[in-house]
Amino acid sequence: MVDKTSSMLDCINEQRILGNHILAKEEKNFASFRQAFINVEVRNILFLATGSSLNSVMAAKLYFERVAHVTCTVMEPFTFSAYGIATNEFDLVIAVSQRGTSSSTIDALKKSRGRINAPIIALTGHVDSPLANYADCLI
């Protein structure tokens, strides 16, 4: 059960532990990802994240653009839901929510289904979270 009284600092302090947990189970955690992207070319990624997850995404954006030469758009979930673009220019949607309970991120994924014809990856530290229900692939 997720503690609803946690703060942003709690989430930030939890990132290292969750990251290590995800990587320790890399083979299992990334199996569906590998399978979903065999022979798929990804050129444009839409990232959806808020709070401490948004901080992580901003660092990932630089990596994807500089190392993988992939164009990345980062949007806060509420902004995407309320004003988001209706386009199929994205090859991939990655929703990041540390605990997988961000209501704005979940709402954005629901809306992205009708707007974007691209696979959706949910990146979360809690695989049994509500966010997992709206993704094609869970990491």
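The buried residues of helix 5 pack against strand 1, helix 4 (77–83), strand 3 and strand 4. Here buried means under 20% relative accessible area, exposed over 50%, and partly exposed in between, with a 1.4 Å probe and protein chains only. Contact means heavy atoms within 4.5 Å, while helices (H or I, at least four residues) and strands (E, at least two) are DSSP runs, numbered from the N terminus. The model is predicted, so local features need pLDDT of at least 70 and side-chain atom pairs count only at pLDDT 80 or more, whereas totals for chains, interfaces and linings use all residues. Residues are numbered from 1 along each chain as its sequence is written, and side-chain values use heavy atoms, with hydrogens and water left out.

Let us stay with helix 5 for a moment. Its buried residues are Thr105, Ile106, Ala108, Leu109 and Ser112. They sit on the same side of helix 5, because they cover an arc of only 160° around the axis, the arc being that of the directions from the helix axis to the C-beta atoms. On the face turned away from this buried side you will find the exposed residues Ser103 and Gly114. The 13 residues of helix 5 should span 18 Å at 1.5 Å a residue, which agrees with the 19 Å between its end C-alpha atoms; the expected span is 1.5 Å times one less than the number of residues.

An open sheet of five strands has the order 2-1-3-4-5, with parallel pairing; two strands pair if DSSP finds at least two bridges between them. Strand 2 (71–75) and strand 5 (137–138) stand at the edges with a single partner strand each, so one side of each has no neighbour in the sheet. Strand 1 and strand 2 pair in the parallel sense over five bridges, and Leu48 stands opposite Met75 in strand 2. Helix 5 touches strand 1, strand 3 and strand 4 of the sheet, and its direction makes about 165° with that of strand 3. Such angles run from 0 to 180 degrees between N-to-C directions, with axes fitted as lines to C-alpha atoms, for helices over the stretch in contact.

Helix 3 (residues 51–66) lies across strand 1, strand 2 and strand 3, at about 165° to strand 2. Its buried residues are Ser52, Ser53, Leu54, Val57 and Lys61. Glu65 also lies in helix 3, and is partly exposed, with a relative accessible area of 27%. Leaving aside neighbours within four places in sequence, Glu65 is in contact with Val70, Thr71 and Cys72.

What holds the largest nonpolar core? Such a core is a set of buried Ala, Val, Leu, Ile, Met, Phe, Trp, Tyr and Cys residues joined through side-chain atoms within 4.5 Å. Of its 16 residues, Leu46, Leu48, Phe80, Val93, Leu109, Ile116 and Leu131 touch the most other members. Strand 1 (44–49), strand 3 (92–96), helix 5 (103–115) and strand 4 (120–123) each supply at least two residues, and the largest share, three residues, comes from helix 5. Apart from this core lies another, of 14 residues, among them Ile22, Ala49, Cys72 and Ile94.

Finally, step back to the chain as a whole. From the N terminus on, its elements run α-α-β-α-β-α-β-α-β-β. Buried residues make up 39% of the 139 residues.
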